[in-house]
Amino acid sequence: MERTLILCWFLLLCIPMAYGGYYSKTESRVSNLRKVTNLRFFFHGILGGENTTAVTVASANSSLLGPSNSIVVDHAPLTVGPEPTSKTIGNAQGLEVFAGRDTTTVVVYLDFGFTKGELNGSSISVFSRNPATETERELAVIGGRGKFKLAEGYALLKTIFISNTSLVVEYNVTVIHY
């Protein structure tokens, strides 16, 4: 009887604490596990033609909204150098939203998936405004997977080459991750 009473009190006191909340106490014990990785690669975009990497999937049909209200999907190679024949290390997939009257700023969501070497199977994601006509600009790293779990950071972009049909952009990325 006494053991039963002790067990009942134990259960009444412990179960609500273990299952009563939807979150655990916040602890700062993981901050010293963070790593910093610096990446450098080149994005190769081909606009139109046989090997196009960007396709417009939606476009506004209104002269009031401006000429560039559209959504473009990308699937572009990432290489170790600016030349199209450089070793491919992955690909970028995502969306570019051209919105409003400002035709020079694009809202970009891209996932950079790495397919070679130590980073094979890992990716980083960026989501940010991209003032595309500026030679140098910055995007926010908002996540990742594989070796880049819980990633954050920034990407510095520099346009290396641009024409009516193609572009090459250098990415220098600082990734903070676990």
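Helices (H or I, at least four residues) and strands (E, at least two) are taken as DSSP runs, numbered from the N terminus. The model is predicted, with local features requiring pLDDT of at least 70 and side-chain atom pairs counted only at pLDDT 80 or more, while totals for chains, interfaces and linings use all residues. Residues are numbered from 1 along each chain as its sequence is written, and side-chain values use heavy atoms, with hydrogens and water left out.

Of its 178 residues, 33% are buried, where buried denotes under 20% relative accessible area, exposed over 50%, and partly exposed in between (1.4 Å probe, protein chains only).

Strands are paired if DSSP finds at least two bridges between them. Strand β4 (residues 88-98) pairs with β3 (residues 70-79) in the antiparallel sense over 10 bridges; within this pairing, Val73 has Leu95 of β4 as its bridge partner. Strand β4 is also antiparallel to β5 (residues 105-114), to which nine bridges join it, and Ala92 stands opposite Phe112 of β5.

A nonpolar core is a set of buried Ala, Val, Leu, Ile, Met, Phe, Trp, Tyr and Cys residues joined through side-chain atoms within 4.5 Å. The largest has 26 residues, of which Phe112, Phe114 and Tyr171 touch the most other members. At least two residues of this core come from each of β1, β3, β4, β5, β6, β7, β8 and β9. Contact denotes heavy atoms within 4.5 Å.

Phe42 is located in strand β1 and is buried, at a relative accessible area of 2%. Its contacts outside four places in sequence include Pro77, Leu78, Ile160, Val168 and Val169. Phe42 and Ser86, 44 residues apart in sequence, have C-alpha atoms 9.3 Å apart.

Leu95, in strand β4, is by contrast partly exposed, with a relative accessible area of 37%. Leu95 belongs to a nonpolar surface patch of about 640 Å², together with Val55, Val57, Ile71, Val107, Tyr109, Phe127 and Ile142. Strands β2 (54-59) and β5 each give two or more residues to this patch. Patches consist of residues with over 30% relative accessible area and no salt bridge, like charges being joined within 9 Å and nonpolar side chains (Val, Leu, Ile, Met, Phe, Trp, Tyr) within 5 Å. A salt bridge is a side-chain nitrogen of Lys or Arg within 4 Å of a carboxyl oxygen of Asp or Glu.

Methods:
Accessible areas come from the Shrake-Rupley method with a 1.4 Å probe; for residues, only the protein chains shown count as cover.
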